[in-house]
Amino acid sequence: KLVGGDLTPGEVDLLKEKVTEYGLENIVQLIAPVYGDEKINVLQNADIFLYPSYHEGMPMAVLEAMACGLPIVATRVGGLPELILDAENGFLLEPGKPDQIAQALIQLEKNSALREAMQKKSYEIVCNCFNIETHAARLVQIYATLCAVSQQPPVEISSL
């Protein structure tokens, strides 16, 4: 199941053409973007979450997939290496390498013990590192540090 919409116009139509061209209509499902409970349902019924991006920040979709206990196959861009510990809760791959994506997906599909270990690790990481309490505590610490710095007298810079 491929869930989502066009990032650039025509992407979904191109995917539909490829699915038809290769006779994959009974294997590949293209699903429009989903939200709320429907998104959670799709994630909870998935086995693996694939996120092949060329540029990224800290994608909420990956955090949501981790919270649903999915192993992640993603590219080594932006903030993704902060979320995915390669070979622990997923695989980090180089962008633009479909052969690497295929190998990672096949490995996870064939090795249920590895897939289950990565599922548990994804859930553990998101619960321990990205929960609201941890995030709020980090923000408080950052603001406390900034406030302490702002209490310091200004530094004079002498001209040479």
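1. The largest nonpolar core has 17 residues. Those with the most contacts inside it are Phe 49, Val 62, Met 66, Ile 72, Leu 80, Leu 83 and Ile 84. A nonpolar core here is a set of buried Ala, Val, Leu, Ile, Met, Phe, Trp, Tyr and Cys residues joined through side-chain atoms within 4.5 Å. Two or more residues each come from β3 (49–51), α3, β4, α4 (80–83) and α6. Helix α3 gives the largest share, 4 residues. Helices (H or I, at least four residues) and strands (E, at least two) are DSSP runs, numbered from the N terminus.

2. A note on the source. This is a predicted model, where local features need pLDDT of at least 70, side-chain atom pairs count only at pLDDT 80 or more, and totals for chains, interfaces and linings use all residues. Residues are numbered from 1 along each chain as its sequence is written, and side-chain values use heavy atoms, with hydrogens and water left out.

3. A second, separate core has 7 residues. Leu 93, Ile 101, Leu 108 and Met 118 are among them.

4. Not counting residues up to four places away in sequence, Leu 83 touches Met 58, Pro 59, Val 62, Leu 63, Met 66, Asn 89, Ile 125 and Phe 130. Contact means heavy atoms within 4.5 Å.

5. Helices α3 (residues 60–67) and α6 (residues 112–129) cross at roughly 115 degrees, and their axes come within 7 Å. Axes are lines fitted to C-alpha atoms, for helices over the stretch in contact, with angles from 0 to 180 degrees between N-to-C directions. From α3, the contact uses Leu 63, Met 66 and Ala 67. From α6, it uses Ser 122, Tyr 123, Ile 125 and Val 126. These residues divide into 6 nonpolar, 1 polar and no charged.

6. Thr 75 sits in strand β4 (residues 72–75). Its relative accessibility is 2%, so Thr 75 counts as buried (under 20% relative accessible area; exposed is over 50%, partly exposed in between, with a 1.4 Å probe and protein chains only). The side chain of Thr 75 reaches the backbone oxygen of Ser 53 at 2.5 Å. Beyond four places in sequence, the contacts of Thr 75 include Tyr 51, Pro 52, Leu 80 and Leu 92.

7. Ala 87 deserves a look. Its phi is near 75 degrees, a positive value in a residue other than glycine. Most residues other than glycine have a negative phi. Ala 87 lies in the loop between α4 and β5 (90–93). Ala 87 is partly exposed, at 46% relative accessible area.

Notes
Polar contact = N/O pair within 3.5 Å; in protein donor to acceptor, adjacent residues only side chain to side chain. Nonpolar A, V, L, I, M, F, W, Y, C, P; charged D, E, K, R; others polar.
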